[in-house]
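Have the model open in the viewer and follow the stops below in order. Each stop says what to select and what is found there.

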Amino acid sequence: MEHFQFSTMFANRRKELKATQEQIAEYVGVSRAAVSKWEKGQSYPDITLLPKLATYFNISIDTLLGYKPQLTKEQISRIYSQLAQQFSEKTFDQVEKSIEELLNEYYSCFPFVLKMAQLYLNYFPKSTDQQSTLERILQLCSRVKTLSGDFSLVNEATMLEALVYLQLGKPEEVLALLGKDVQIQLGADHLISTAHTMLGNSEKAKEIIQISYYQNLMQLISNATEVLMLELENIDYLDETIYKIQELIRLFDLENLNFNAVLIFYYRAATVYTMKGQFDQAIEMLQNYVKLCKKIQFSIKLKGNSYFYLLSQWIENTSQLSSEAPRDEQSIKRDLVHSIVQNPAFDALKEQSSYKEMIRNLADHLKVEVNL
């Protein structure tokens, strides 16, 4: 009962109704002393008395107990950040225990359940039993999809499931979830925006189109980056794709707007160039990667800019999103360095002085230990 505020709720409601302890005792059939102990938090009423007390006070049993099974977006974000920080200070098993205790308490708060699934996915490499952790994520996603009734939560849970199946080496499950072919885009955002315009809600219409514009742009960058590995043997296509992505980065100031997408592009382009034996171009891309890493302002927050000026508010208002980084700061810094050093594709660059200097410079800047 430690998370209940029964005694406070009971006393406040009794005083609001101007009822005496004796009157309540008589109504439910207990002694005045028993009611006094309830108000002082020294004991609790028998569970069979809760419906009668709730009826007397004209409130629900949950309200009487002071029990809130739902968390606000701010509370979920705060809990997520605290747990993410714990992963840099404690063992996976210790943090997992805290997560599961919270899930037991808020198992019907589906945005929270989904957020804990995301947290597990971001940190499962630290688990001593990765398979079990990934299966737990699938359980949480299944609960959200089965019980939440929220279209956006269900979609996000489905995407998380697909990511987990890829980690488990089950591509056939991904295709069963998402389909085997590209889906036709039906332009729902445009229709929704038009409907809001017709209702006189032009500001909402403007927000929908701008956010759709932003998301389509980021999807374009993501898809173009994915193309690089798929077109490895088509060097002219690779060069043109890399040029086009760099132009988009420049035009939309994406290094400041969404640095993570840009880092992934620089990293992937460097990998492809190294595999093709174009080491000068690979070093150039890694230099871009390092320069951008050094520009990152911690703590990280996702936000808009002067062009996508409605993005920040949309992020704040969207329950499934958070402006906070998905992992703790030290884990992010370590991965920014180690993802380069531990990539076997870059082994061919390791004897170059420019490569070593670049890595040492980044490691020193981020205060990360590295062996070259």
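## Whole chain

Start with everything displayed: the radius of gyration of the protein is 27 Å, whereas a compact globule of 372 residues would have one near 21 Å. The model is a predicted one. Along the principal axes, the C-alpha atoms fill a box of roughly 90 × 55 × 40 Å. Colour by secondary structure, and the protein shows 20 helices and zero strands. Colour by accessibility instead, and 41% of the 372 residues come out as buried. Of the contacts with a separation of 6 or more, 63% are between residues 24 or more positions apart.

## Helices α8 and α9

Two packed helices are described by the angle between their axes and the distance between the axes. Select residues 110-123, which form helix α8, together with residues 130-147, which form helix α9. The axes of α8 and α9 are 9 Å apart and the packing angle is about 160 degrees. Angles over 145 degrees count as roughly antiparallel, so α8 is roughly antiparallel to α9. The two helices cross in a left-handed sense.

Now show side chains at this contact. On the α8 side, display F110, V113, L114, M116, A117, Y120 and L121. They meet T133, L134, R136, I137, L140, C141, R143, V144 and L147 of α9. By class, the residues of the contact of α8 with α9 are 13 nonpolar, one polar and two charged.

## T133

Select its surroundings: leaving out residues up to four places away in sequence, T133 touches F92, Y120, F124 and S127. For a sense of scale, draw a distance from T133 to M198. These two residues are 65 apart in sequence, and their C-alpha atoms are 48 Å apart in space.

## Helices α9 and α10

The crossing of α9 past α10 is left-handed. From α9, the contact uses L134, I137, L138, C141, S142, V144 and K145. From α10, the contact uses L153, V154, A157, T158, L160, E161, V164, Y165 and Q167. Sorted by class, the residues of the contact of α9 with α10 are 11 nonpolar, three polar and two charged.

## Backbone exceptions

Most residues other than glycine have a negative phi, and most peptide bonds are trans.

- Select D253 in the loop between α14 (235-251) and α15 (254-257). Its phi is positive, about 50 degrees, although D253 is not a glycine. With 34% relative accessibility, D253 counts as partly exposed.
- Go to F298 and S299, where the peptide bond from F298 to S299 is cis, with omega near 0 degrees. S299 lies in the loop between α17 (279-295) and α18 (311-317).
- Finish at K367, in the segment after α20 (353-366). K367 is another residue other than glycine with a positive phi, here near 60 degrees. Its relative accessible area is 70%, so K367 is exposed.

How values were computed
Residues are numbered from 1 along each chain as its sequence is written. This is a predicted model: local features need pLDDT of at least 70, side-chain atom pairs count only at pLDDT 80 or more; totals for chains, interfaces and linings use all residues. Side-chain values use heavy atoms; hydrogens and water are left out. Axes are lines fitted to C-alpha atoms, for helices over the stretch in contact, and angles run from 0 to 180 degrees between N-to-C directions. Helices (H or I, at least four residues) and strands (E, at least two) are DSSP runs, numbered from the N terminus. A crossing is left-handed if the near helix is turned anticlockwise from the far one by less than a right angle, and right-handed if clockwise. Contact means heavy atoms within 4.5 Å. Ala, Val, Leu, Ile, Met, Phe, Trp, Tyr, Cys and Pro count as nonpolar, Asp, Glu, Lys and Arg as charged, and the others, Gly among them, as polar. The radius of gyration is taken over C-alpha atoms; the globule rule is 2.2 Å times the number of residues to the power 0.38. Buried means under 20% relative accessible area, exposed over 50%, partly exposed in between (1.4 Å probe, protein chains only). Angles under 35 degrees count as roughly parallel, over 145 as roughly antiparallel, 65 to 115 as roughly perpendicular and the rest as oblique.
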